[in-house]
Amino acid sequence: MIMMEMQAPLIVFGVIVLVTAIWVIATYNTLVRLRQQCRESWSGIDTELRRRYDLIPNLVAAVKGYAAHERDVFQAVTEARTRAQASSGSPKSQAQDENVLVDGIKQLFAVSENYPTLRASENFLKLQSELANTEDRIQAARRFYNANVRDINTRIEV
């Protein structure tokens, strides 16, 4: 009888330890899964940015053929692309480089507005369409990444 009385607290303690261990393991595995989802979603953004980087030289070349005297704009876009492509720091530093690149692309499109024959060029229109499509894909990838970051941050705080 005394043995039974001594075993009951040990059994309760064992159950508490077991439940706690299961909870810790489940929480750890959830955090690992969320971290992997964040990495995967960031690579989706990275893939779309590389697609944009590949389109920009073609776009610059198409505009160059029509507006050769706009050398400063071409150089600024090329330098911004190089900086953005080489950026591998935090998402915040990459975003700063990307913003400079987007501003350069806007300038390039502003230059193209002065050349009606360029705007009518099939090659330019195709490149412009591809770039717009890529921008949409970048935005979708960013939304997916932000959702994953939100989920992991919420889980950590909870």
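Predicted model: local features only at pLDDT ≥ 70, side-chain atom pairs only at ≥ 80, totals over all residues.
Me: Ala, Val, Leu, Ile, Met, Phe, Trp, Tyr, Cys and Pro count as nonpolar, Asp, Glu, Lys and Arg as charged, and the others, Gly among them, as polar. How many residues in the lining of the largest pocket are nonpolar, polar and charged?

Reply: Trp42, Ile45, Leu49, Pro91, Ala95 and Tyr145 are among the lining residues, and they count as nonpolar. Gln94, Asn99 and Asn146 also line the pocket and count as polar, while Glu98 and Arg142 count as charged. The division is six nonpolar, three polar and two charged.

Me: Which helix gives the largest share of the lining of the largest pocket?

Reply: The pocket has a volume of about 160 Å³. Helix 1 (2–66), helix 3 and helix 5 each give two or more residues to its lining. The largest share is five residues, and it comes from helix 3.

Me: Are helix 3 and helix 5 roughly parallel or roughly antiparallel to each other?

Reply: Helix 3 covers residues 91–112 and helix 5 covers residues 122–157, and their axes lie 13 Å apart. They pack at an angle of about 155°. Angles over 145 degrees count as roughly antiparallel, so the two helices are roughly antiparallel.

Me: How do the residues of the contact of helix 3 with helix 5 divide into nonpolar, polar and charged?

Reply: On the helix 3 side are Pro91, Glu98, Ile105, Phe109 and Ser112. They meet Phe124, Gln128, Leu131, Arg142 and Tyr145 in helix 5. These contact residues divide into six nonpolar, two polar and two charged.

Notes
Residues numbered from 1 in each chain as written. Heavy atoms only, no water. Axes fitted to C-alpha atoms, helices over the stretch in contact; angles between N-to-C directions. Helix = DSSP H or I, 4+ residues; strand = E, 2+ residues; numbered from the N terminus. Parallel < 35°, antiparallel > 145°, perpendicular 65-115°, else oblique. Contact = heavy atoms within 4.5 Å. 1 Å grid on protein atoms, 1.4 Å probe; cavity = no way out; pocket = protein on both sides within 12 Å on 5 of 7 lines; lining within 4 Å. Points joined across faces, edges and corners; volume = space filled by probe spheres on them.
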